Amino acid sequence: MMTKFMTEITARFNPFSACAKPARLFLTLLPPNARTTGTTISTTLLPRTSTEPSSIAVKFKDGKELKFNTGKISIKGLVEEMDRHSRKLQKKADLTD
């Protein structure tokens, strides 16, 4: 997963809920040096009794923000969407160099 163009990642999930699995897996796919390279990562753990759906929001360097309800998307779909936008930004960066 390309994290070079991500500036902010916000994850909200109930760790005991089955629909939080994509959010948990997404956070494990982030490289260990993501915070030192300028990415802000914030995680909010919801209480066990919460009815609020799990979600992930990612902001990119171009200002675009993608929000996902992790109860409706798999980890594969989540990574594909992130990589799709990152590839667009990579192509734009390559053309300007």
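I started with M6, which touches M1, F26, T39, V58, K59, F60 and M82, leaving out residues up to four places away in sequence; contact here means heavy atoms within 4.5 Å. I'm on a predicted model, where local features need pLDDT of at least 70, side-chain atom pairs count only at pLDDT 80 or more, and totals for chains, interfaces and linings use all residues. Residues are numbered from 1 along each chain as its sequence is written, and side-chain values use heavy atoms, with hydrogens and water left out.

Next I looked up the largest nonpolar core, which has 19 residues, M6 and F26 being among those with the most contacts inside it. Such a core is a set of buried Ala, Val, Leu, Ile, Met, Phe, Trp, Tyr and Cys residues joined through side-chain atoms within 4.5 Å; buried means under 20% relative accessible area, exposed over 50%, partly exposed in between (1.4 Å probe, protein chains only).

Then I went for salt bridges (a side-chain nitrogen of Lys or Arg within 4 Å of a carboxyl oxygen of Asp or Glu), and the count is 3. I found K59 paired with E8 at 3.8 Å, N to O. That pair links distant parts of the chain, 51 residues apart. R12 pairs with E52, with the closest N and O atoms 3.0 Å apart. I noted R12 as partly exposed at 28% relative accessibility, and E52 as partly exposed at 36%.

Is S54 buried or exposed? I have S54 as buried, at a relative accessible area of 1%. Among the residues S54 touches are R12, F13 and F68.

Methods. Helices (H or I, at least four residues) and strands (E, at least two) are DSSP runs, numbered from the N terminus.
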